[in-house]
Amino acid sequence: MSQEAWLTAEVAGPKKASLITKPEIADAMIRQAKRPVFVVGSIAAEIDLEEKKLIDYVIAMAKRCKIQVVATGNTNNEFLKRGFTPDAVMPAVDIGNRLTDPKWQGVDGKGPHDLALFVGLPYQMGWTILSGLKNFAPNLKTISLDNVYQPNARWSFSNISIKSWIMNLEAILGKRED
Amino acid sequence: MGTKEINISIKEIETEIGNIKDLRFSVGRLAQETWDEPQGPTPFPSMSTLRNWDLTLLNRYKPFYLPFCDLCCLCTYGKCDLTGDKKGACGITMPGQQSRIVLLAACIGAATHTSHARELVTHLIEEFGADTRLDPGGLNIKVEAPITRLVCGMMPETLGDLETVLDYSEQQITSLLACTHTGQEGNPFDLESKVMHTGMIDHLSMEVADIAQISAYDLPKADPNAPLVDIGFGSVDTKKPVILVIGHNVPPSVEIMDYMQDNELTGDIEVTGICCTGIDMTRYSPKAKIIGPISWQIRYIRSGIPDIIVVDEQCIRTDVLDEARALKIPVIATSEKNCLGLTDRTGDPPEEIIGDLVSGTIEGALILNPEKVGVVAVRTAMQIAPKRKKEKKGIFLSHDEAMEMAKECTQCRECRRACPNDMHIPDAIKAFSREEPEMLQEIYESCVGCIRCESACPQGIPIHSLIVAAGEDTLRNESFKLRAGRGAIQDIEIRQVGGPIVLGEIPGIVAFVGCANYPKGGNELAEMAIEFANRRFIVCTSGCAAMTIGMHRDEDGKSPYEVYSGNFEAGAIVNVGSCVSNAHISGAAVKIASIFARRNLRGNYAEIADYVYNRVGAVGVAWGAMSQKAASIAAGFWRLGIPVIVGPHGTKYRRMLLGRSDHDEDWYVNDTRTGEKVYVGPVPEHLFIAVETKEEAMVMIAKLSMRPNDTSRGRALKLTHYIDLHRRLLGSMPTDIHRFVRMEADIPITMKEDIVAILKEKDWKETVIPDPTLIPKKEAAP
Ligand code: SF4
Ligand code: SF4
Ligand code: SF4
């Protein structure tokens with residue numbers, strides 16, 4: 001377990017993400033959050049996690065943990081194909097920008113989000129947007145749920161194998177009822 | 001032509017866009033007598049002259065900062081940690097620092113084009129004389145230099161006049177660069193305003209460079225039917241001696257072609273080019289061939305096909321000499337800006353240099369005289385080629401060799417972690433070692449040729465060569481047609497499309513420009529260009545993007561340039577030329593204001609930008625933008641009010657300029673007719689935005705082409721494209737339609753029911769279509 005960026009040259013810091021060493025950490029953060037939001041990039045529909053795709057985990061998690069979902073890129077299409085309607089469709093930098101605005105009332109207009117979960121963005125795009133949030137959204141907690149270390153999130157997995165990724169996602173899901 | 005020196009001295013004037021103090025400017029050879037348009041308020045603007053206009057834009061499109069580094073290391077107080085609300089030892093904040101780096105990048109870009117233009121103009125004056133008349137379009141062009149007229153308030157008539165413009169550009173860039181010094185400008189908005197000033201200067205210098213070379217070298221003069229030329233690796237006749245030229249500044253290549261012509265060698269030698277020199281060579285002679293954009297350098301050099309490499313300036317791999325050395329290909333450096341460590345042989349007789357290059361006594365030479373480069377390159381290629389062809393140096397790894405090398409892979413993943421596009425190289429290498437080349441072939445399609453994977457591989461596997469070995473059939477089949485860069489847009493074309501554009505009835509002008517750092521290969525770019533040409537946008541392109549669009553085939557084997565017209569009209573794909581030809585795209589927008597709308601151009605920047613911003617539905621797309629030049633080119637479009645979309649790598653430009661569609665108060669304009677403020681909706685919604693996928697890009701292009709001035713018919717058409725693309729590519733109706741419908745007549749008839757339902761749900765209210773401006777009306781000066 002190390003805090004090494006997935007793309008070798010994308011060194012960040014001094015302030016860097018703490019490691020999600022066990023699923024309980026992410027689980028607790030989601031439980032504590034009052035208004036979490038999921039930012040789901042296009043790669044979520046490309047990544048195979050054994051018989052499922054990453055996006056299927058996102059859908060299950062969003063439903064079980066009651067997280068609002070923003071589809072970036074063309075991810076909306078993939079959600080709809082699976083019978084799931086995201087709460088908003090917008091470019092990743094647009095949602096990133098809004099999350100830095102403490103007055104923004106969130107995807108549903110009911111108040112600012114206190115936690116943003118990122119998954120499935122191209123690595124460097126996630127890196128830079130999370131950097132924007134690290135620097136300019138001090139009241140927002142961020143978690144990266146990709147299986148690579150995202151140093152600019154508040155919490156991130158390290159570079160972990162697909163197997164251990166699935167285990168973690170299953171564990172977070174497993175602690176919830178439908 | 002007037003020859004007297006004009007001195008402009010302004011103590012203080014108050015203009016609508018700001019206050020100008022103590023501006024002095026000497027303009028030699030100003031053509032005052034032949035241009036009766038009155039001088040506008042801001043000729044030769046200094047850094048802060050147009051600040052109010054910039055701030056007007058920046059208040060709508062506030063920077064969203066994406067720090068690419070939390071530290072600053074620009075002075076020895078540092079490194080300073082600027083994370084969050086920390087400050088550097090000099091007091092600078094994170095937003096200030098990000099904008100400062102953007103300004104630095106933009107200065108590098110503008111300095112590069114300006115220096116390019118200066119070298120070119122100096123050379124052309126030496127060769128053809130300062131009195132050589134500028135003629136970028138024959139009888140079809142009266143407004144020969146729209147950006148120069150707009151920015152400088154002067155009408156250049158000769159090559160010599162362009163020196164005045166460059167004096168101004170150089171002065172401005174020096175001051176702009178000075179602003180980035182420790183303890184100088186630190187206010188993020190002021191820095192961003194200076195970024196826009198830099199961008200404007202960049203377009204000015206690009207215009208100078210291109211109209212100079214068009215005039216002196218007789219490149220296509222605003223010619224929509226410029227010849228179709230060959231592009232692609234497969235178009236090269238490898239039996240002939242082959243010269244490769246890489247870079248941007250064309251005089252050495254012109255001399256190569258002239259020497260061949262003068263000595264009746266034109267059919268005997270292949271002259272091939274990579275990057276913009278390639279583009280500009282084919283504008284000079286359709287016999288020259290383009291290999292491809294910047295990312296083709298390694299694969300082409302390693303093929304061993306070039307017998308000699310000539311480099312000029314910009315976007316050349318700095319390790320070109322190492323790559324060439326491995327295959328014993330001699331290299332000639334021709335620019336003081338890129339000497340490659342080679343000995344200066346400019347003063348030596350050509351025979352001696354040729355002798356040394358052919359015998360291999362030297363690996364290359366610096367020759368700072370384009371004419372001499374011509375002789376040496378051609379004769380060296382002819383002498384060295386037979387020997388090289390016999391030895392078959394280079395010429396790719398065989399599949400067997402490559403597969404053997406793949407077996408050395410330990411699956412450590414270092415290559416993938418070095419790859420900017422995070423490609424699945426280890427899996428592909430493993431599959432390749434089992435004689436399954438498909439994955440590696442797929443990587444070939446998206447590989448940008450950076451060879452970072454190779455540098456990272458602890459096993460020393462020449463990964464890129466393996467990729468090329470797998471993709472060899474594709475590479476050898478790369479043979480397409482590209483329409484040579486036509487240069488400027490004719491005045492008559494502007495007159496014909498001006499009305500439909502301003503009324504919104506041609507849905508937009510979309511310019512695909514910039515470098516080749518594509519996230520998923522070049523085909524995406526070609527697909528986008530075709531989609532918008534089919535939707536009857538005017539599609540413009542230049543530089544590496546223009547090449548990429550050409551390297552695509554339809555079912556009949558035709559490239560887009562063989563299918564679509566080159567006229568500046570709806571449904572066309574218009575290649576204007578190289579990077580510096582981008583000025584013709586911004587110039588076309590400016591000419592719409594002056595030729596079609598008869599607005600005064602001269603020294604009247606803010607008014608014209610306000611016109612373009614509110615009326616001309618133009619959008620720039622730099623899908624693979626990577627360079628500092630791309631940063632300054634984009635900034636020049638922003639200041640003119642033209643939004644720019646970049647691909648996913650574009651977030652590394654450190655900040656976006658984003659509108660907030662949910663802030664209604666941001667989207668009011670002044671109605672010139674009534675003096676009232678009118679809500680017009682978020683059009684265009686963003687000024688600079690990176691998007692993730694080509695699907696998202698296409699939806700964004702359609703969306704950003706809307707303007708406050710659209711007539712209902714125009715808006716309905718633009719909405720049709722936006723909604724249709726959103727449905728098809730993103731899967732659903734957009735949820736923000738109510739922000740773009742101003743009155744019922746704006747609603748596309750075929751979608752009426754759906755949209756009316758949405759409007760009801762959103763509590764939509766009708767508004768009016770104003771005569772829009774962002775510049776507050778002031779009493780005209782007495
Ligand atoms: S320029 Fe300022 S922030 Fe940068 S290293 Fe020097 S003192 Fe620190
Ligand atoms: S050369 Fe191609 S595969 Fe290798 S790192 Fe660069 S883009 Fe990736
Ligand atoms: S870096 Fe080299 S050894 Fe490691 S996975 Fe890539 S090709 Fe294999």
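Mentor: Start with ligand 2, which is surrounded by Cys419(B), Pro420(B), Met423(B), Ile425(B), Cys447(B), Val448(B), Gly449(B), Cys450(B), Ile451(B), Cys453(B), His464(B) and Ile467(B). Keep in mind that this is a predicted model.

Trainee: How many nonpolar, polar and charged residues does the shell around ligand 2 have?
Mentor: The shell around ligand 2 has 10 nonpolar and two polar residues, and no charged ones.

Trainee: And which residues are around ligand 3?
Mentor: Around ligand 3 are Cys409(B), Thr410(B), Gln411(B), Cys412(B), Arg413(B), Cys415(B), Pro426(B), Cys457(B), Pro458(B), Gln459(B), Ile461(B) and Ile463(B). By class, that shell has eight nonpolar residues, three polar and one charged.

Trainee: Helix H17 of chain B: why is it largely enclosed?
Mentor: Eight of the eight residues of helix H17 (residues 463-470) of chain B are buried, so the rest of the structure largely encloses it. Among the buried residues of H17(B) are Ile463(B), His464(B) and Ile467(B). Ile463(B) is also one of the residues around ligand 3, while His464(B) and Ile467(B) belong to the surroundings of ligand 2.

Trainee: Changing topic. How much do chain A and chain B bury between them?
Mentor: About 3600 Å², with 53% of it on carbon and sulfur atoms. In chain A, Trp6(A), Val93(A) and Phe136(A) lose the most area to chain B, together 17% of what that side buries.

Trainee: How many residues does the contact take from each chain?
Mentor: The contact takes 46 residues from chain A and 48 residues from chain B.

Trainee: How many salt bridges are there across that interface?
Mentor: Five, by the rule used. One salt bridge joins the side chains of Asp662(B) and Arg98(A), at 3.6 Å from N to O. The count of residue pairs in polar contact between chain A and chain B is 22.

Trainee: Which helices of chain A supply residues there?
Mentor: Helix H3 (75-81), helix H4 (92-99) and helix H5 (123-136) of chain A each supply at least two residues of the side that touches chain B. The largest share, 11 residues, comes from H5(A). By class, that side of chain A has 18 nonpolar, 20 polar and eight charged residues.

Trainee: Last one: is Thr132(B) buried or exposed?
Mentor: Thr132(B) counts as buried, at 19% relative accessibility. Thr132(B) sits in the loop between helix H2 (94-128) and helix H3 (146-152) of chain B.

Trainee: What lies by its side chain?
Mentor: A polar atom of the Thr132(B) side chain lies 2.8 Å from the backbone oxygen of Phe128(B), and one lies 2.7 Å from the backbone oxygen of Gly129(B). Leaving aside neighbours within four places in sequence, Thr132(B) is in contact with Glu157(B), Thr158(B) and Leu159(B).

Key
Residues are numbered from 1 along each chain as its sequence is written. Chains are lettered from A and ligands numbered from 1 in the order in which they are written. This is a predicted model: local features need pLDDT of at least 70, side-chain atom pairs count only at pLDDT 80 or more; totals for chains, interfaces and linings use all residues. Side-chain values use heavy atoms; hydrogens and water are left out. A residue is near a molecule or strand if one of its heavy atoms lies within 4 Å of it. Ala, Val, Leu, Ile, Met, Phe, Trp, Tyr, Cys and Pro count as nonpolar, Asp, Glu, Lys and Arg as charged, and the others, Gly among them, as polar. Contact means heavy atoms within 4.5 Å. Buried area is the accessible area (1.4 Å probe) that two parts lose on being put together, summed over both. A salt bridge is a side-chain nitrogen of Lys or Arg within 4 Å of a carboxyl oxygen of Asp or Glu. A polar contact is a pair of N or O atoms within 3.5 Å; within protein, one must be able to donate a hydrogen and the other to accept it, and residues adjacent in sequence count only if both atoms are side-chain atoms. Helices (H or I, at least four residues) and strands (E, at least two) are DSSP runs, numbered from the N terminus. Buried means under 20% relative accessible area, exposed over 50%, partly exposed in between (1.4 Å probe, protein chains only).
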